[in-house]
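Hi everyone, thanks for coming. Have a look at the screen while I talk you through this one.

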Amino acid sequence: MALKIIQSIYDDGIKEGMTLGKEEGIKLGEELGIKKGFLRGITKSIKVLVETLQELGYSKEESTAKLMTKFSLSQKEAQKYINRYWHSPS
């Protein structure tokens, strides 16, 4: 009888642990998904802005300054995006 009670408590503990673990996993997955989506959106916005500034005739230096202002980037970060998304003349 005592063994059945212990087994029941153990089984209940396992079920509760699995439920809590599953809930935490879902919460963590949602948080990571939101962060990843936000970063993708920001990166896409930066790409479009760089391309637009180039089309409007801004220099790389002017465009770097705009990125720094609009996205609160350091000069090094802004230049990285300029180098990545600035198209060479065809």
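Let's begin with Thr64, which sits in helix H2, running over residues 60–71. Helices here are DSSP runs of H or I, at least four residues, numbered from the N terminus. Before I go on: this is a predicted model, where local features need pLDDT of at least 70 and side-chain atom pairs count only at pLDDT 80 or more, while totals for chains, interfaces and linings use all residues. Residues are numbered from 1 along each chain as its sequence is written, and side-chain values use heavy atoms, with hydrogens and water left out.

So, is Thr64 buried or exposed? Thr64 counts as buried because its relative accessibility is 7%. Buried means under 20% relative accessible area, exposed means over 50%, and partly exposed is in between, with a 1.4 Å probe and protein chains only as cover. Leaving aside residues up to four places away in sequence, Thr64 touches Gln75, Ala78, Gln79 and Ile82. A contact, by the way, is heavy atoms within 4.5 Å.

Now on to helix H3, residues 75–85. Which residues of H3 are buried? They are Ala78, Tyr81, Ile82 and Tyr85. These four are on the same side of H3, because they cover an arc of only 100 degrees around the axis, taking the directions from the helix axis to the C-beta atoms. H1 and H2 are among what covers them.

Next, the largest nonpolar core. It has nine residues: Ile46, Val50, Leu67, Leu73, Ala78, Tyr81, Ile82, Tyr85 and Trp86. A nonpolar core is a set of buried Ala, Val, Leu, Ile, Met, Phe, Trp, Tyr and Cys residues joined through side-chain atoms within 4.5 Å. H1 and H3 each supply at least two residues of this core, and the largest share, four residues, comes from H3. Take Val50 as an example: not counting residues up to four places away in sequence, Val50 touches Leu67, Tyr81, Ile82, Tyr85 and Trp86. As background, nonpolar side chains tend to be buried together in soluble globular proteins.

One last stop, the loop between H2 and H3, where Ser72 lies. Ser72 is exposed, because its relative accessible area is 66%. Its phi is near 50 degrees, a positive value in a residue other than glycine.
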